[in-house]
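Let's take a friendly walk through this model. Have the sequence and the 3D view ready.

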Amino acid sequence: MTLNDAQIQVDEYVSQFKMGYWSPLSNLARLIEEVGELARELNHLFGDKPKKSSEKIANMKEEMGDILFTLICIANSQSVNLQECLDEVIAKYNHRDRNRWERKN
Ligand SMILES: [Mg+2]
């Protein structure tokens, strides 16, 4: 699935409902919540904060999916093409940071 396909699929899903896309600020809050959930998982796995026995078992994959879905919702509601965003950021790093990191052999 390409990013364009993903944007279409999310739009088809959201378009089923009268409410449609949430407002940009509500979606931003939701995105930050989901990023926090990923941070929590990473902290449980690699940080100093153990999971409580009462906490549900989640995983990074699920949280990354939530983040992607929410980001796609924001992009769709603002008519932003995420493939173009990704292409542009990769080009930026390939140019701006081309000599920044030591390369493998
Ligand atoms: Mg989540």
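## A partly exposed glutamate

Glu37 has a relative accessibility of 33%, so Glu37 counts as partly exposed (buried is under 20% relative accessible area, exposed over 50%, partly exposed in between, with a 1.4 Å probe and protein chains only). Asp66 is also partly exposed, at 25%.

This is a predicted model, where local features need pLDDT of at least 70, side-chain atom pairs count only at pLDDT 80 or more, and totals for chains, interfaces and linings use all residues. Residues are numbered from 1 along each chain as its sequence is written, and side-chain values use heavy atoms, leaving out hydrogens and water.

## The magnesium site

Which residues hold the magnesium ion? Glu34 (OE), Glu37 (OE), Glu63 (OE) and Asp66 (OD) coordinate the ion at 2.0 to 2.2 Å. Donors are N, O and S atoms within 2.8 Å of the metal (3.2 Å for Na, K and Ca); water is not among the atoms, so sites may look incomplete.

Along the sequence, the donor spacing reads E-x2-E-x25-E-x2-D. Glu37 lies in helix H2 (residues 24–46) and Asp66 in helix H3 (residues 60–77), so this pair ties together parts 29 residues apart in sequence. Helices (H or I, at least four residues) are DSSP runs, numbered from the N terminus.

## The nonpolar core

The largest nonpolar core has seven residues: Ala6, Val10, Val14, Ile72, Cys73, Ala75 and Leu82. Such a core is a set of buried Ala, Val, Leu, Ile, Met, Phe, Trp, Tyr and Cys residues joined through side-chain atoms within 4.5 Å. Helix H1 (3–14) and H3 each supply at least two residues of this core.
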